Structure formats: C-alpha cells, structure tokens
Amino acid sequence: MEDHIPLDFQPIPPEESLARAEAFYAQMARRRSVRFFADRPLPEGLLEQIVATAGTAPSGANQQPWTFVAVRSPDLKRQIRAAAEEEERAFYSQRAPESWLSDLAPLGTGWEKPFLDAAPALLVIFRQRHGYDADGTLHKHYYTLESVGIAVGMLIAAIHNAGLVSLTHTPSPMEFLERILERPTSEKAFLLMPVGYPAEDATVPNITRKPLDEILIWR
Ligand code: IYR
C-alpha cells in the first residue's frame, strides 16, 4: 500500500478566489524579459528562496530531474559570456536562416550578451536525463523536458513575485555550460537565466500578448 497523508488544503471563498486570480494575473501581466541589469546585489537568501519555489514543481514520477547552478563568480560569468557570444556570433552571422532573424528583429537581440556579466547572478538550469541508484546503476527519468519546463515557469514567477527581473536565455548549442560548470554527463543544460534588478534606463521590446480569445477555446 502506498504511503498517503492528508492533503494540506486551505479553502478560499469563491469570490476571494476570483479576486486573487485577477490580482495574480495583473501582477504576472507586468512581467517582462529584461536584457539590461543594474549593478546591484541580490537580497541575501533570495536565490535560495526562488530555487526552493521552483523545486516545488510537479515532475514525472516525482523524480525532480533538475539541478539549478547559481553562478555569482565574476570569473565564471565572464567565461560563460565569452562562450555564449562565440555561439551566438555564429548563430547571427551564419547559422540562423533569414526568416529566423526577421522573427527576432522586433526583439532587437544580437550576438553581444553584456547581461551575462552585468547581472549579479546567472541561474543555469540543468535537466537530468537520468539518475543513479544507490549502487550507481542508471535510473531512467520520465518527462524531463516537461518537468524542467514547469519548474522554470515557477522560477520565473517566483523571481517576478520577489520584485526582480530575469531573462529566459537559450544560447544554442549550450554544451559550454556543462563544461564550464563541470556537470556530470547525465545533465543537459536547459536554460541560462540572468537574475537581478533592471538598469535604470532599461527598455523592453514594444510587443503585445495574444488576447484571451485567441489562446482559450471552449468546448
Ligand atoms: N539564442 C539567440 C537567438 C534568440 C532566439 C530566440 I527563438 C529568441 O526568442 C531570442 C533570441 C539569442 O539569445 O540571442
């Protein structure tokens, strides 16, 4: 028989549920991906708290197939920036087809990634393709992309909720992160996320979100 315990559920009256849903939406709608960071340290204990929040995500067979590496060392940030820019230079000048570059044009991105050493911390999220049993044998992990994707969504919400900003950055390919951060071969880099405060003159692309009637269908 499985080990089950009572659910810790805190009921909310329906009208309060709606008010809370509206307030949460309004708060989340203000979230933006930010590419310009202030030279300002993070509050003590913040990274621990937001990563703990991400770690509450559901995952395939509860295997929690994620590792979060919090990079604060200026030297490692510099190494990561240099390696990312090498890949990105090749992407923007050779690898990306014209159609991809024109899709990116409204964002104003380019090969240079100053945010990688400007942000006070880089969170690098790794996906554990498999785990290991106590005796060292390989243990299959399930739905790792879905699991880590959900955890990162919660991480982004936790960062925004704490009044900080982040960027969802995916230099491609990302093997350099596995090498620089000395991760085991079972782990694949999933995402690189600078975290911090926005620069005073930070700007964001003037883009909009799809209206609800385009993303929600009733049957
Ligand atoms: N990885 C590159 C290119 C890039 C691709 C997509 I899709 C974006 O939404 C943004 C950028 C870069 O980070 O510049």
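**Ligand shell and sheet of the predicted protein model**

Ala61 is placed in the loop that connects α2 (46–54) with β1; helices (H or I, at least four residues) and strands (E, at least two) are DSSP runs, numbered from the N terminus. The phi angle of Ala61 is near 50°, a positive value in a residue other than glycine. The model is predicted, with local features requiring pLDDT of at least 70 and side-chain atom pairs counted only at pLDDT 80 or more, whereas totals for chains, interfaces and linings use all residues. Residues are numbered from 1 along each chain as its sequence is written, and side-chain values use heavy atoms, with hydrogens and water left out.

The protein contains 8 helices and 6 strands, which follow one another along the sequence in the pattern α-α-β-α-α-α-β-β-β-α-β-α-β-α. The C-alpha trace spans about 55 × 50 × 40 Å along its principal axes.

Strand β5 is joined to β6 (residues 187–196) by 2 bridges, and the two run antiparallel. Within this pair, Val165 stands opposite Gly196 of β6. The loop between β5 and α7 (175–180) holds Pro173, and the peptide bond from Ser172 to Pro173 is cis, with omega near -5°.

The ligand is surrounded by Glu88, Phe91, Tyr92, Trp100, Leu104, Leu107, Lys113, His169 and Thr170, a residue being near a molecule if one of its heavy atoms lies within 4 Å of it. By class, this shell comprises 5 nonpolar, 2 polar and 2 charged residues (Ala, Val, Leu, Ile, Met, Phe, Trp, Tyr, Cys and Pro count as nonpolar, Asp, Glu, Lys and Arg as charged, and the others, Gly among them, as polar). Helices α3 (74–95) and α4 (98–104) each supply at least two shell residues, and the largest share, 3 residues, comes from α3.

A polar side-chain atom of Tyr92 is 2.5 Å from a ligand oxygen. In the side chain of Lys113, an N or O atom is 2.5 Å from an oxygen atom of the ligand, and the corresponding distance for the side chain of His169 is 3.1 Å. Taken alone, the ligand exposes 380 Å², of which the protein buries 71%; accessible areas come from the Shrake-Rupley method with a 1.4 Å probe.

Technical notes. Polar contact = N/O pair within 3.5 Å; in protein donor to acceptor, adjacent residues only side chain to side chain. Pairing = 2+ DSSP bridges.
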